[in-house]
Amino acid sequence: MSAPILSLRGVETRIGRYHILHGVEFDVPEGGLTMLLGRNGAGKTTTLRTIMGLWRASAGEIRFAGRDITRMSTPEIAMLGIAYVPESMAIFADLTVRENLVLAARQGPPERKRLEWIFARFSALERFWHLPAGHLSGGQKQMLAVARAIVEPRRLLLVDEPTKGLAPAIVANMIEAFRELKDGATSLLVVEQNFAFARRLGNGVAVMDDGRVAHTGDMAQFAADDALQQHLLGLGMDAHQ
Amino acid sequence: MLRTLLSDDLPRSRWLAAALLAIVIGLALAPFLFPGAKSLNVAAKICVFVVLAASFDLLLGYSGIVSFAHTMFFGIGAYGVAIALTRLGSGWDAVAMGTVAGLASAIALAAVIGLFSLRLRTIFFAMITLAVASAFAILASQLSDVTGGEDGLNFRLPAILRASMSFADTPLFGVRLNGRLLDYYLVYIVSLVLVLVLLRIVNSPFGSVLKAMRENPFRAEAIGYRAVVYRTAASCIAAAFAALAGALMALWSSQTNPDTVLSFDIMIDILLMVVIGGMGTVYGAAIGAVLLVISQNYLQDLLLVANKAFAGVPLLPDLFHPDRWLLWLGIAFILCVYFFPTGIVGRLRSD
C-alpha cells in the first residue's frame with residue numbers, strides 16, 4: 001500500500017464537557033478510498049470535523065501530506081487541498097447552483113470539462129443551474145454538496161454519509177464518480193452507514209467504536225469476515241445485499 | 001447594456017422595475033417636476049439616503065452583520081468635507097482632501113473595529129459598534145474647536161455650487177439654472193454611480209462569499225474562506241460608501257452638526273429603510289429610503305389635510321393631527337413588517 005496522505009495519531013477531541021475521541025489512529029493511503037465505519041455515535045463525524053479543524057484536537061497529531069495540520073485553522077486546511085462534504089445536504093440555500101459551484105472553485109472559475117463530467121453524473125445540476133439551491137430536492141442538494149467538493153481537483157475528499165436519503169440510481173452515479181476520482185489523483189475518506197455501498201467502493205476500512213478505532217485493514221478481508229462485521233458493526237447478513 | 005449596468009441583478013418583477021424606473025426618472029427630473037426648495041431638499045436627501053441604506057444593507061442584508069456604527073461613518077464623511085471646507089477655504093481641493101480624509105478614516109476605523117470584534121457573536125459585535133458610535137458622537141460634540149461642537153459647522157461650498165452662481169439669465173421650465181441645481185445633479189449622479197457600484201459588489205464572487213457566510217460561516221470556512229477577513233472587508237466597504245454619502249450630504253446642506261449626521265435617529269431610519277424595502281436587496285434599500293424620507297417630510301402635510309377634512313367630526317381631527325405623524329409612521333411600519341415580512345422587494349419578487 002502507498003504512503004499515507006493523511007495520518008491520525010492519538011487524536012483526542014473534547015466538545016464542552018464531553019470527551020468524544022479517545023486516541024484515534026489510522027491512515028488514509030494516497031490514491032485510495034478508505035471507509036470509516038461504525039455504529040451511530042461512534043465518533044465518525046467528529047473525526048472528520050477534527051481533521052478539518054472545525055473541532056480542535058486537544059491531543060494527538062494529524063498529518064496531511066507530511067505536514068502537521070493539527071493546529072491549523074479550517075480555511076488553511078481547506079486551502080491545502082482538502083474538501084469536506086458534511087452530512088445532511090450542506091449547500092448554501094440562498095445561492096444559485098452556479099454560485100455554489102463557483103464559490104467552491106478556489107483555483108479560478110470551474111473548467112468546462114470538469115463541469116461536463118459533473119453534469120454527466122448529476123444532470124439535475126445543469127438543469128437547475130440558475131435556481132437558488134434552497135429550491136432543490138433533498139437528493140439534488142446532496143448531489144450539489146458532493147459536486148461542490150469535486151468541482152476542481154483535490155488531494156483529499158472527506159465525505160460524511162453521501163448516500164443518506166438518496167435514490168438508488170443516484171447512489172450508482174455517486175459510486176461511479178468516487179471510483180473515477182479514486183482512479184485519478186484524489187484520495188478519499190468516506191463515512192458511510194450503507195455497508196453495501198462501502199464494500200463496493202472501499203479499498204481500506206477503519207471501524208470506530210466508542211471514540212476509538214477498533215479495526216483497520218483491507219476492505220475485501222473485512223467484507224469477507226462476517227463475524228468481525230457482526231462484532232464491530234452489529235451487521236446481519238441482510239446488510240450484504 | 002442594462003444587464004451589465006445592473007450587474008445581472010435585474011428587478012425580476014414588473015412592479016419593482018416600474019417603481020425603480022419611476023424613482024430614477026423622478027429624481028432626475030425632480031427640480032422640474034417638483035419645483036421649490038423643500039422638494040429639492042427632499043430629493044437630494046433621498047439620493048444620499050439610498051446610498052447610505054444600500055451600504056448598510058451590504059452589512060445587514062448581505063453579510064448578516066448587525067452594526068450600529070453606520071451613522072458614525074456617515075458623520076465621518078460629512079465632517080471630513082465640512083472641516084476641510086471650513087479650514088482650507090471653499091475650493092475643490094478642500095472638497096477632495098476632506099472626502100479622501102473622511103474615506104480613509106472611515107475605512108481605517110471600520111478595519112480596526114472589524115478585526116477586533118467580528119470574531120465575536122453578532123450581538124456582542126452590535127454592542128461594541130453601539131459603544132464606539134456613542135463615544136464618537138460625544139467626542140464630536142466635545143471637540144468644539146475642530147467640529148464646532150453641538151452647533152456644528154457652517155461652511156461655504158465651492159462657488160460653482162452656490163445658489164448665487166447663475167448659469168443662464170432665463171429660467172428653464174420655470175427653474176433657475178444656478179449652482180444649487182448643479183449641486184443637486186452632482187449629488188444625484190454620484191449617488192446613482194455609487195448604487196451601481198454597490199450592485200456590482202454584491203453580485204460579484206465577493207458578494208457570494210458574504211451571502212454564504214451569512215448562511216453558514218463554518219461551511220464557508222471549510223471551503224477556505226476566512227470569515228473574519230471577508231466580514232471586515234464588507235465592513236470597510238460599507239463604511240467607505242457611508243462616508244461618501246456623508247460627504248455628499250455635507251456638499252448639499254453646507255452645514256454639519258451632530259444632529260444631522262451623527263444622531264442615533266439616523267441609524268434607526270436607515271434600519272427601517274432596509275427592513276421595509278427588503279433586506280439583502282440593494283433595490284429594497286432604494287425603495288425604503290424613498291418611502292421613509294417622503295413620509296418624514298410629507299406625512300405631516302397629509303395629516304393636516306385629513307385633519308381639516310374631518311373638522312367637526314368627533315375624535316378624528318385629533319387622531320389625524322399633524323403632531324401625530326410619528327404614531328402613523330409607526331403604524332405603517334408595523335403593517336409593513338406584518339404584511340411584507342421579506343420587505344417590499346421580497347414580496348414583489350415572490351408574486
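Mentor: Helix α15(B) passes helix α17(B) in a right-handed crossing. This is a predicted model, where local features need pLDDT of at least 70, side-chain atom pairs count only at pLDDT 80 or more, and totals for chains, interfaces and linings use all residues. Residues are numbered from 1 along each chain as its sequence is written, chains are lettered from A and ligands numbered from 1 in the order in which they are written, and side-chain values use heavy atoms, without hydrogens and water.

Trainee: Why is α15(B) called oblique to α17(B)?

Mentor: Take α15 (residues 282–309) and α17 (residues 325–339) of chain B: they pack at about 130 degrees, with axes 9 Å apart. Axes are lines fitted to C-alpha atoms over the stretch in contact, and angles run from 0 to 180 degrees between N-to-C directions. Under 35 degrees is roughly parallel, over 145 roughly antiparallel, 65 to 115 roughly perpendicular, and the rest oblique. That makes α15(B) oblique to α17(B).

Trainee: Which residues of α15(B) and α17(B) meet?

Mentor: From α15(B), L292(B), S295(B), Q296(B), L299(B), Q300(B) and L303(B); from α17(B), W325(B), W328(B) and L329(B). Contact means heavy atoms within 4.5 Å.

Trainee: Why are α4(B) and α14(B) called roughly perpendicular?

Mentor: The axes of α4 (residues 37–63) and α14 (residues 264–277) of chain B cross at roughly 75 degrees and come within 9 Å. Therefore α4(B) and α14(B) are roughly perpendicular to each other. Their contact includes F49(B) and F56(B) of α4(B) with I266(B) and M267(B) of α14(B). By class, that contact has eleven nonpolar, no polar and one charged residues. Ala, Val, Leu, Ile, Met, Phe, Trp, Tyr, Cys and Pro count as nonpolar, Asp, Glu, Lys and Arg as charged, and the others, Gly among them, as polar.

Trainee: What makes α6(B) and α12(B) roughly antiparallel?

Mentor: The axes of α6 (residues 92–117) and α12 (residues 227–253) of chain B cross at roughly 150 degrees and come within 8 Å. So α6(B) and α12(B) are roughly antiparallel to each other. The contact of α6(B) with α12(B) divides into 15 nonpolar, five polar and no charged residues.

Trainee: How do you know that R226(B) and E76(A) meet in a salt bridge?

Mentor: The rule asks for a side-chain nitrogen of Lys or Arg within 4 Å of a carboxyl oxygen of Asp or Glu. R226(B) and E76(A) stand at 3.7 Å, N to O. E99(A) and K211(B) form a salt bridge as well, at 3.9 Å. E99(A) lies in α3 (residues 97–104) of chain A and K211(B) in α10 (residues 205–215) of chain B, so the pair joins two chains. Between chain B and chain A the count is three.

Trainee: How much area do chain B and chain A bury between them?

Mentor: About 1700 Å², 60% of it on carbon and sulfur atoms. Buried area is the accessible area (1.4 Å probe) that two parts lose on being put together, summed over both. In chain B, E215(B), R219(B) and I223(B) lose the most area to chain A, together 35% of what that side buries. The contact takes 17 residues from chain B and 20 residues from chain A.

Terms used: Helix = DSSP H or I, 4+ residues; strand = E, 2+ residues; numbered from the N terminus. Left-handed = near helix turned anticlockwise from the far one by under 90°.
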